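I opened a new model today and kept notes as I went. Here is what I looked up.

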Amino acid sequence: MSEFVKVANVSDIPDPGKITLEVGDRLVVVVHVDGEFYCIDDVCTHDGGPLGDGEMCGFELACPRHGAKFDVRTGVPSTMPATEPTESHQLKIQGEDVLVSLNNQEGDTMALTEDAVMEELKKVIDPELFVNIVDLGLIYGVSIVDREDEQKDVKIDMTMTSPACPAGPQLIGNSKQIVGQMEDVCEVEVKIVLDPPWSPDRMTDDARDQLGIF
Ligand code: FES
């Protein structure tokens, strides 16, 4: 991950709106939607289409070439023909400044730890509550298992807000996809754990703030 650099002023980007910028040697799209800012690569993983030229619809940005849609919060595609996520980058607001830190820069060697996996899992957003699954308290545990070929398997214990949660398959699939892209990861196993059952007191303060629960 690179240092945070200022890329724009908050007032440069209407809500909803987006701008395409060059940061370091990358073209990225900074998106403003629902009061929040996000940053993803300006590159469609299907065939390199310029996502910054695409139409926005809520949290989705459609590639202008063949229409694949990407979730701007995670970079994960929700429709064909794209199947791989585009890179998403860290973004923070300081006063009037929009700051971006690029992921997966040359030389990045993030060690594979349980904490690093938890950070990656924050990119998985519950589609009904719009809060990431870590802050929702859905992750009961992460373990990393060494393999003989020097790669590692990751095992994730995940719960659901209810046993019949319709978002379950999507949360499992997105978690496997995002963690599976981490360096040195071979297989990702997600085990659903319903005991103890999830309860709202597992949520972090950030999640409570986002949901307006005090
Ligand atoms: S290049 Fe984006 S959908 Fe084909």
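**Ground rules.** This is a predicted model, where local features need pLDDT of at least 70, side-chain atom pairs count only at pLDDT 80 or more, and totals for chains, interfaces and linings use all residues. Residues are numbered from 1 along each chain as its sequence is written.

**Whole protein.** I found three helices and twelve strands (DSSP runs, H or I of at least four residues for helices and E of at least two for strands, numbered from the N terminus). The radius of gyration is 17 Å, close to the 17 Å from the globule rule for 214 residues, so the protein is as compact as a globular protein of that length. I note that the radius is taken over C-alpha atoms, and the rule is 2.2 Å times the number of residues to the power 0.38. I looked up burial too: 33% of the 214 residues count as buried (20 or more other C-beta atoms within 10 Å of the residue's own, with C-beta atoms placed from the backbone).

**Helix H2.** Which residues of H2 are buried? I listed Leu171, Asn174, Ser175, Ile178 and Val179. They cover an arc of only 115 degrees around the axis, which puts them on the same side of H2 (the arc is that of the directions from the helix axis to the C-beta atoms).

**Val98.** I located Val98 in strand E9, residues 97–101. Val98 counts as buried because it has 24 C-beta neighbours inside 10 Å. From Val98 to Lys122 is 24 residues in sequence and 20 Å in space, C-alpha to C-alpha.

Definitions and conventions. Buried ≥ 20, exposed ≤ 12 C-beta atoms within 10 Å, placed from the backbone.
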